[in-house]
Amino acid sequence: MTALSDENLGTLRSAGGGAGGLALPGYDRSALRAGIVHLGVGGFHRAHQAMYLDRLMAQGEALDWAICGVGVLPHDARMRDALRSQDGLYTLVLKHPDGALEGRVIGSVVDFLLAPDDPEAVIEKMASPQIRIVSLTVTEGGYNVHPVTGEFDESDPAVQADLAPGAEPATSFGLVTEALRRRRDRGIAPFTVMSCDNIQGNGEVAHKMFGAFARLKDPELGAWIEEHVPFPNSMVDRITPVTTDDDRAMVAEQFGVDDAWPVVAEPFCQWVLEGRFADGRPPLEEVGVQVVDDVEPYELMKLRLLNASHQALCYLGYLAGYRYAHEVCADETFVRFLLDYMEREATPTLQPVPGIDLDDYRRTLVERFANPAVRDTLARLCAESSDRIPKWLLPVVRENLADGGEIHRAAAVVAAWARYDEGVDEQGEPIEIVDRLADRLRAAAARQSEDPLAFLRDRELFGDLVDDQRFTAAYLAALESLHRDGAQVTVEVLAG
C-alpha cells in the first residue's frame, strides 16, 4: 500500500500507476505556483474545478494557476489535515455505469489554509499579487441571501461580528473584503471573485452579497469593489456523492493507494463560464469548459431540470422506501413522473439553450441518475432543502402559475418535502432532517394534522404561495395522498 505524497509519486509511476493503472500527474509539481485561492474545498470542487486545472497542467499549461484551498469553518480542519498529509494530492475515481473505475491522482492543489487558525495568513494570501482569482463553493446557504427579499441578510451573528469596528475577519465576506481592501491600498489589481456554487446567477448573487457587506463595512471600499471587481457567472455540473469508508477501501484495493479523502464522481462533467476576469484566467476552454457571454440559459436548464429533478425524486423516493437515486430511476413509474415534470413543467420556463438538445438532455439526466455505480444517496439529496427548494423548484412553480402552466407535480414535490420533514418514514423508521432550519421545519410539519397548510405558511421560504388557491389545491391533494396512500401510489397517480 502506497501513501499519497509527492515523494511517492515516483514509486507509483514506476509501478505503472499502482495496481489499477492509476493516472498520475506527469508535470513537475515543484514548478506549480498558486494563482487561485478557493474557499470551501469539498468533494465537488475537487471533482470539478481542480480536475479541469489538473487537465491543463497535464498539457504543460496553467502551472501558475494552482490552487490554495481555504477552510472558513472549524470543521474544515479535517480536509486541511487530509490534504496536507498528502501534499495536496488526492484520488478522483470516476464510476462508470458498467462498473468500470477510472482513477486519477489530481495534483492542482498545492496548499491549504484554515481561516479559524490564522485569518491573517488567509487574507495575506489573497492580497498577494500572484493570486488572480478567488473562487467559491460555499454552498447555497453561504451567501446570506434572505429567502424572500433576496437581499443580503446582515442579521447573521457571524456577519455582525465581522462588521464590528476593528474585528478580525472570520466569514468569507470579511476575509475577501479585507483582502481586496489591502490590494486597493497597495496598488495591486483586484482579483476576480468566481462563484462555482449551484445557484442561479451565482456571480450576480456573489456580487450583490459581497458588495453589500463591503458597503456596510466601508462605503468607499464597497464603491471601489463595485467598479473594479468582476464576479462572472458560471454553471457547474457533476454528480459527486459524499466520500464513504467503502470508497477509501475501494481506492486502496483497486489502486493500491492509501488516500485519506478520495473523491468519487460520475463520468459526466460540465462547466459553462462567463468570460469576465480582472487579471487573466487559465485557458479553460482548451479542456472542455464552455466560455460564453451569457450563462443564464445554461444555468436555468441545469437548475430547473437536473437540480429540481433531484428534489423531485429524493423525498418521494425516500418515502417509498428507496435509499439511492439509481434505485428510484430503476422504477419506471418514477421515471415517467420525472420526465413529465421536466418536459411539462420545467422546460416551458426555459429560454433557448445554444447548442443543447433539451430532449436529449432530459434523457441523459435520467441515465445519469440511474448510474448504479455512483450510489448517490437520497439522504444527501434531501439535505439542506430550505436552501434548495426556494432556488431550484419554486421559480418553476411561480412562472407556471403566472402563465397558466402545469404545477401539480412540483406541488407534490413540496408536499413530499413537508411529509419527509415529519421525521418518520412510511415504515415508522425515523428520518434525520439535515437542514439549517431543521427544528423550524420539523415543528411546522408536526402541525399538519391540525393545519394541513402549516408547512406552507413559512413565508420566508414560500412567499405568498400559501395564498394561491391553485397551488394550495394541488399541494393539499398530494399531501393527503401521501398520508393516505403513500408515496408509491401518489407517484403512480401523478405519472398517469
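Five strands make up an open sheet, in the order S6-S3-S2-S7-S8, and the pairing is parallel. Strands S6 (109–114) and S8 (192–195) stand at the edges, each with a single partner strand, so one side of each has no neighbour in the sheet. From one strand to the next, the twist averages 25 degrees; this angle runs from 0 to 180 degrees between N-to-C directions of axes fitted as lines to C-alpha atoms.

This is a predicted model: local features need pLDDT of at least 70, side-chain atom pairs count only at pLDDT 80 or more, and totals for chains, interfaces and linings use all residues. Residues are numbered from 1 along each chain as its sequence is written, and side-chain values use heavy atoms, with hydrogens and water left out.

Strands here are DSSP runs of E with at least two residues, numbered from the N terminus. Two of them pair if DSSP finds at least two bridges between them. S2 (residues 34–39) and S3 (residues 66–71) pair in the parallel sense over five bridges. Within this pair, Leu 39 of S2 stands opposite Val 70 in S3.

Now the cysteines. A disulfide is a pair of cysteine sulfur atoms within 2.5 Å. By this rule the count is zero. Cys 314 has its closest cysteine sulfur in Cys 382, at 3.5 Å, so the two are too far apart for a bond.

Notes: Helix = DSSP H or I, 4+ residues; strand = E, 2+ residues; numbered from the N terminus.
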